Amino acid sequence: MIEELFAPERRRRLVLKRGKERVASNRHPWIFAGAIHSERGPEDAAIADLVDSDGAPIASGFYSRHSQIRLRALTFGDEPLTPEVIDARIAAAIGRRSAILNAETNAARVIHAEGDELSSLVVDKYDDVLVVEIANRGVEQLKSLVTAALQRELAPRVIHFKNDLPVRALEQLSTRDETWSGRAATDASSAATILENGLRFRVDPAGGQKTGFFLDQRENRRITRDLAAGKRVLNLFSYTGAFGVYAAAGGAASVTNVDVSAAAIDAARENHTLNGVDGEFLVADAFQYVRQRHENVDFVICDPPAFAKSRNDVERAARGYKDVNLFAMRMIEAGGYLMTFSCSGHMSLDLFQKVIFGAAVDAGRRVSFLRRLTAGPDHPVSMYCPEGEYLKGFLLQVH
Ligand code: SAH
């Protein structure tokens, strides 16, 4: 029984080092091993309580003995951590998406880890399929609680546990995907066709990158549709081709999608077909492509993968971002747009802005910032955990 994992004797007790009181008073949910003086209780506990050296409660949350983040705090001070708290947070997170989910959009991130006060739990809704990513051993043990809450709130056809996060190996958790099907589903496949701002996309959580579709770009894609009329659009790092579909739907004169992965290009083609729009589809390295292309374009979207996977990669990543943005700027017709992103949490907004500035200088173009871009409101960022804000972008005009 899940309730038993919350019983006092099943919880790990962590004592904070003297002098580390600030970690918890800031309400940051990540309590690192280095801040902990001693531990006792069951090593495989799902839940742990952090106390100070006098035994006063500081925080409670998900426990992992394998992670440097020993505790993922959910409650602070005297607030007890019970199954009901987790149920209530799941319900509240889903409730916050009601303004996004409507007749035109049936896909959204319904739980965004720290941003929804549920550190290490991510849930994406793709129509009647839910895709769950769990990055912590404590949460993994509470899977049946999470599943029951999701069932109650959203009655999905299938829940797909996407278990390929590299951190799961460190947590000594299975890295094989699992699926759960509800409503006596006759179709247990986790593939879905979603509707986003009235456009249709095929999502395959089992085969796709991350959870299958980048929901964080929904609003930026809408901006793309609004700006695309009559433009020659180049969609670099196109993956599912979603920016391309929006551009075409917005009346672009032409849309070229470029991705190094043949499977991604196939998906992009399928998504254009689904929406009855045309495009060009190229399997190519975007860095080489922008160097070799001679014809000008009016609108470039540049949404590369996270070049900086760790802090040590930041400098190399900055060169990559500068390079591709510089060549993109050179090919933009005067008055045209560049929508450019970095989704790497290690690249700060400040540094990314400097990189784009450097690209503009070296491209010899006059560039203005029209708008700062970020993830949609289904990717909330916790005030106490600013690390959650990974996606940053700019809409630029190139003169
Ligand atoms: N813009 C997309 C998400 C991009 S994800 C969307 O809205 O959904 C990053 C994509 O970049 C992946 O599909 C990956 O295959 C592709 N990619 C990685 N390196 C690349 C390279 N050097 N050239 C072109 N595409 C690349």
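Reply: C343 counts as partly exposed because its relative accessibility is 22%, where partly exposed covers the range between buried, under 20% relative accessible area, and exposed, over 50% (1.4 Å probe, protein chains only). This is a predicted model, in which local features need pLDDT of at least 70 and side-chain atom pairs count only at pLDDT 80 or more, while totals for chains, interfaces and linings use all residues. Residues are numbered from 1 along each chain as its sequence is written, and side-chain values use heavy atoms, with hydrogens and water left out.

C302, by contrast, is buried, at 0% relative accessibility. A disulfide would require two cysteine sulfur atoms within 2.5 Å, and the sulfur of C302 is too far from its closest cysteine sulfur, that of C343, for a bond, because the two are 11 Å apart. C343 is likewise in no disulfide, the sulfur of C302 being the nearest to its own, and the search of the whole structure finds zero disulfides.

Salt bridges, on the other hand, number 27, each being a side-chain nitrogen of Lys or Arg within 4 Å of a carboxyl oxygen of Asp or Glu. One of them pairs R12 with E39, whose closest N and O atoms are 2.9 Å apart. Since R12 lies in strand β1 (residues 12–16) and E39 in strand β3 (residues 36–40), this pair ties together parts that are 27 residues apart in sequence; strands here are DSSP runs of E with at least two residues, helices are runs of H or I with at least four, and both are numbered from the N terminus. R12 is buried, with a relative accessible area of 9%, whereas E39 is partly exposed at 25%.

In a second pair, E114 and R72 form a salt bridge with 3.4 Å between the closest N and O atoms. E114 sits in the loop between β7 (107–112) and β8 (121–126) and R72 in strand β6 (residues 69–76), so this bridge connects parts 42 residues apart in sequence. E114 is buried at 14% relative accessible area, and R72 is buried at 10%.

K322 belongs to helix α10 (residues 314–330) and D362 to helix α11 (residues 349–363), so the pair ties together parts 40 residues apart in sequence. K322 is partly exposed, with a relative accessible area of 27%, and D362 is partly exposed at 40%. Elsewhere, salt bridges that share partners link E140, K143, R168 and E178 into one network.

Turning to the ligand, 17 residues surround it, and the closest are Q209, D259, V260, A286 and D303; a residue qualifies if one of its heavy atoms lies within 4 Å of the ligand. By class, this shell has nine nonpolar, four polar and four charged residues. Nitrogen atoms of the ligand lie 3.1 Å from a backbone N or O atom of V260, 2.8 Å from a backbone N or O atom of A286, and 2.7 Å from an N or O atom in the side chain of D303. Taken alone, the ligand exposes 590 Å², of which the protein buries 90%, the areas coming from the Shrake-Rupley method with a 1.4 Å probe.

Note on methods:
A polar contact is a pair of N or O atoms within 3.5 Å; within protein, one must be able to donate a hydrogen and the other to accept it, and residues adjacent in sequence count only if both atoms are side-chain atoms. Ala, Val, Leu, Ile, Met, Phe, Trp, Tyr, Cys and Pro count as nonpolar, Asp, Glu, Lys and Arg as charged, and the others, Gly among them, as polar.
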